[in-house]
Amino acid sequence: MKWATSAVVLAMCAAGYGADPTPETELKALKGSWVAESEELNGVVTPKEKLDRTLVVEGDKATNTFKRGAATHTSEVKLVLDPSKAPKLMDMLGKDFERKAIYKLEDGKLWVCVQHDPKKGRPTGFKTTAGSGYGVAVYVKKK
């Protein structure tokens, strides 16, 4: 019976069960197109009817597209992840900017809290308040 238990444990380890996430495995999990289902900036929730934000992740690159009024904005960044921390860390490196963020993948959703004010440090939770300089978006993966 011992050998059967050992074989199951070895098979689970080989399949990645119980293994700590790595930046590579996290990037694979993030790969694809995501649509925001909610958004909050400095404590103000974006009304559903005005919410128009998508995130596309391919490799270590992400493209964020969103509307503000009639204008569409797009930013492309390189993602640097550290899933060994709690909460998990994400750095977004753009052409002319860098944003510190945290993220979590939970129940098929991606939560991202981003530092919008460079004078602020990395966020520590997935909530914003007036003047916090943080934004939170919750995404669901497009099927």
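Which residues is Leu79 in contact with, leaving aside its neighbours within four places in sequence? Leu27, Val57, Asp60, Ala62, Met90, Asp91 and Met92 are in contact with Leu79. Contact means heavy atoms within 4.5 Å. The legends below start with the whole chain and then go to single sites.

**Figure 1. The whole protein, a predicted model of 143 residues.** The model is predicted, and local features need pLDDT of at least 70, side-chain atom pairs count only at pLDDT 80 or more, and totals for chains, interfaces and linings use all residues. Residues are numbered from 1 along each chain as its sequence is written, and side-chain values use heavy atoms, with hydrogens and water left out. The secondary structure comes to two helices and nine strands. Along the sequence the pattern is α-α-β-β-β-β-β-β-β-β-β. Helices (H or I, at least four residues) and strands (E, at least two) are DSSP runs, numbered from the N terminus. Buried residues make up 29% of the protein. Here buried means under 20% relative accessible area, exposed means over 50%, and partly exposed lies in between (1.4 Å probe, protein chains only). The protein exposes about 9100 Å², and carbon and sulfur atoms supply 58% of that area. Accessible areas come from the Shrake-Rupley method with a 1.4 Å probe; for residues, only the protein chains shown count as cover. Of the contacts with a separation of 6 or more, 39% join residues 24 or more positions apart.

**Figure 2. The largest nonpolar core has 20 residues.** Leu79, Met90, Met92, Leu110, Val112 and Tyr139 have the most contacts inside this core. Helix H2 (23-30) gives two or more residues to the core. So do strands S1 (32-41), S3 (53-58), S5 (71-82), S6 (88-93), S7 (98-106), S8 and S9. A nonpolar core is a set of buried Ala, Val, Leu, Ile, Met, Phe, Trp, Tyr and Cys residues joined through side-chain atoms within 4.5 Å.

**Figure 3. Leu30 is a buried residue of helix H2.** Its relative accessible area is 1%. Leaving aside neighbours within four places in sequence, Leu30 is in contact with Val57, Leu81, Met90, Leu105, Leu110 and Lys141. Leu30 and Lys109 are 79 residues apart along the chain, and their C-alpha atoms are separated by 10.0 Å.

**Figure 4. Ala36 sits in strand S1.** Ala36 counts as buried, at 9% relative accessibility. Beyond its neighbours within four places in sequence, Ala36 is in contact with Leu51, Arg53, Val138 and Tyr139.

**Figure 5. The largest pocket has a volume of about 530 Å³.** Its lining holds 26 residues, and Arg53, Asn64, Met92, Val114 and His116 lie nearest its centre. S1, S3, strand S4 (61-68), S5, S6, S8 and S9 each supply at least two lining residues. The lining divides into 17 nonpolar, four polar and five charged residues. Ala, Val, Leu, Ile, Met, Phe, Trp, Tyr, Cys and Pro count as nonpolar, Asp, Glu, Lys and Arg as charged, and the others, Gly among them, as polar. On a 1 Å grid over the protein atoms alone, a pocket is an open set of points where a 1.4 Å probe fits, with protein on both sides within 12 Å along at least five of seven lines; lining residues have an atom within 4 Å of a point. Grid points are joined across faces, edges and corners, and a volume is the space filled by probe spheres set on the points.

**Figure 6. Lys127 lies in the loop between strand S8 (109-115) and strand S9 (134-141).** Lys127 is exposed, with a relative accessible area of 61%. Apart from neighbours within four places in sequence, Lys127 is in contact with Glu40 and Val136. Lys127 and Glu40 are 87 residues apart along the chain, yet their C-alpha atoms are separated by 8.1 Å.

Figure 7. Most residues other than glycine have a negative phi, and most peptide bonds are trans. Asn42, in the loop between S1 and strand S2 (44-45), has a positive phi of about 50 degrees. Asn42 counts as partly exposed, at 28% relative accessibility. Asp107 has a positive phi of about 55 degrees and lies in the loop between S7 and S8. Asp107 is exposed, with a relative accessible area of 73%. The peptide bond from Ala86 to Pro87 is cis, with omega near -5 degrees. Pro87 lies in the loop between S5 and S6.
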